[in-house]
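Subject: Structure handover

Hello,

Please find the structure below. My notes on it follow.

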Amino acid sequence: MKTDQLVACHDCGSLYHWRPLAACERASCSRCQHELYRWHKDSPARQAEVLAALTLGAVFVFLLAQWFPIVTLEMGGMLSGATLYQAVAVLWGAGDQVIAAMVFFCAIIFPGIELGSLFYVALGLTRGVRVPGFNLVLRTVQGARHWAMTEVLMIGILITVIKMTSLARVEPHPALFAFGVLTILCALVMRYEPKALWALADRLAPLRKSDPARQTTTIPEADSALVSCSACGLVNHTCPSRDGTDRCARCSAALHRRIPHSVGWTWAMLLAATLLYIPANMLPVMYTRSIGGTEGDTIMSGVVLFWNTGSKGLAIIIFIASIVVPVSKLAALAWLNATAQARSRTAPMARTRAYRAIEFVGRWSMLDIFVVALTVALVRFDALVVITAGPGAIAFGCVVIVTMVASHQFDPRLIWDPIESNGEPHV
């Protein structure tokens, strides 16, 4: 069997033979409806050129967004403004190192790593070669993309700007527009999945037989098992007796039939997130110190403030992102993990859709953290008003991160393992 002609479904593990698609066609799993791959109008060489151009533009705009201030506030003749990096520095200097680290990594480091790495890979593919460290770089892109939150940051910037208009005069700066353009470019770049880039590299720069990645032990098909690589998606022959030691023939990533200890680690992460969610809602996320004294605001009091001041749309956005999404995610993950542990056969399609929704909306809960960070950095009028972050913001940020880890640790194929297939083999 030629495993390079097989395609494994990420969500249920079903196995299919690859076939060419007609114009505008998409190949989907007949079992769980997950998209396996799609037709592309451009040739492989053209795809590499487009990706290189998009990432180059995104890197340039990313640097502009980091270099210039986002907005400037004017209150009582005093001015206050900050770049994103300066906002992180203000948080760090104020003793809010945890929040500063969250913003620094999710808004600066991980987006920068993703864009820079993709440009490095695409530049090589335009010349028909695999750049040094090709496999490691693409695996790095996969990890960075999970935590890069440029689009969430952009919405956080807009909410902060609208919020500040009631407090001071707001003057936009180039970084505000740069982040808007960057959000669009990142959305276009994200259409190029790392797994698709491995397949693209196989067509543009096929591995030589002497390449170390091809030097694997030959295993008779009758004694081997098929395992899909979680990194590049290649279906590999593995020997069951060497569980945990096999590596992918294409990218050298460790092979596992299912995520190791998926259920146990998911329960541990859910318990930690549930315990953190209590102080996240009970404690203030921000303190406002003014001439009239110091006042603390919780997440819910901030929603009420927006609602009462006429910004009902923003109140609804924050309520959904900060209250509805975290609670729903905790409940849904607990349901998925419990049913997977019990090997339930009930409603597998509904549970798979719930998993996909969790993966999509999970990052948006970080919206509140970005709003807090930008507000603290901008409102620094020592004689009139100063805003600082509260312990609730730290707890809430940890809830978001831990739940994202939990959803990433959960293996959706466990939903389908107890269910009979419709004739398709599985990995």
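Helices (H or I, at least four residues) and strands (E, at least two) are DSSP runs, numbered from the N terminus. This is a predicted model, in which local features need pLDDT of at least 70, side-chain atom pairs count only at pLDDT 80 or more, and totals for chains, interfaces and linings use all residues. Residues are numbered from 1 along each chain as its sequence is written, and side-chain values use heavy atoms, with hydrogens and water left out.

Surface patch

Patches are made of residues with over 30% relative accessible area and no salt bridge; like charges are joined within 9 Å, and nonpolar side chains (Val, Leu, Ile, Met, Phe, Trp, Tyr) within 5 Å. A salt bridge is a side-chain nitrogen of Lys or Arg within 4 Å of a carboxyl oxygen of Asp or Glu. Areas come from the Shrake-Rupley method with a 1.4 Å probe, and for residues only the protein chains shown count as cover.

A nonpolar patch on the surface is formed by Met 300, Val 304, Trp 307, Ile 316, Phe 319, Ile 320 and Val 324, with about 560 Å² of accessible area together. At least two of its residues come from each of helix H9 (299-308) and helix H10 (312-341). H10 gives the largest share, 4 residues. Val 324 is found in H10 and is partly exposed, at a relative accessible area of 33% (buried is under 20%, exposed over 50%, partly exposed in between; 1.4 Å probe, protein chains only).

Cysteines

How many disulfides are there? The count comes to 0, a disulfide being a pair of cysteine sulfur atoms within 2.5 Å. Cys 106 is in no disulfide. Cys 106 is buried, with a relative accessible area of 4%, whereas Cys 398 is partly exposed at 23%.

A loop residue

Arg 31 lies in the loop between strand S3 (26-28) and strand S4 (35-38). Its relative accessible area is 9%, so Arg 31 counts as buried. Arg 31 and Val 121 are 90 residues apart in sequence and 34 Å apart in space, C-alpha to C-alpha.

Regards
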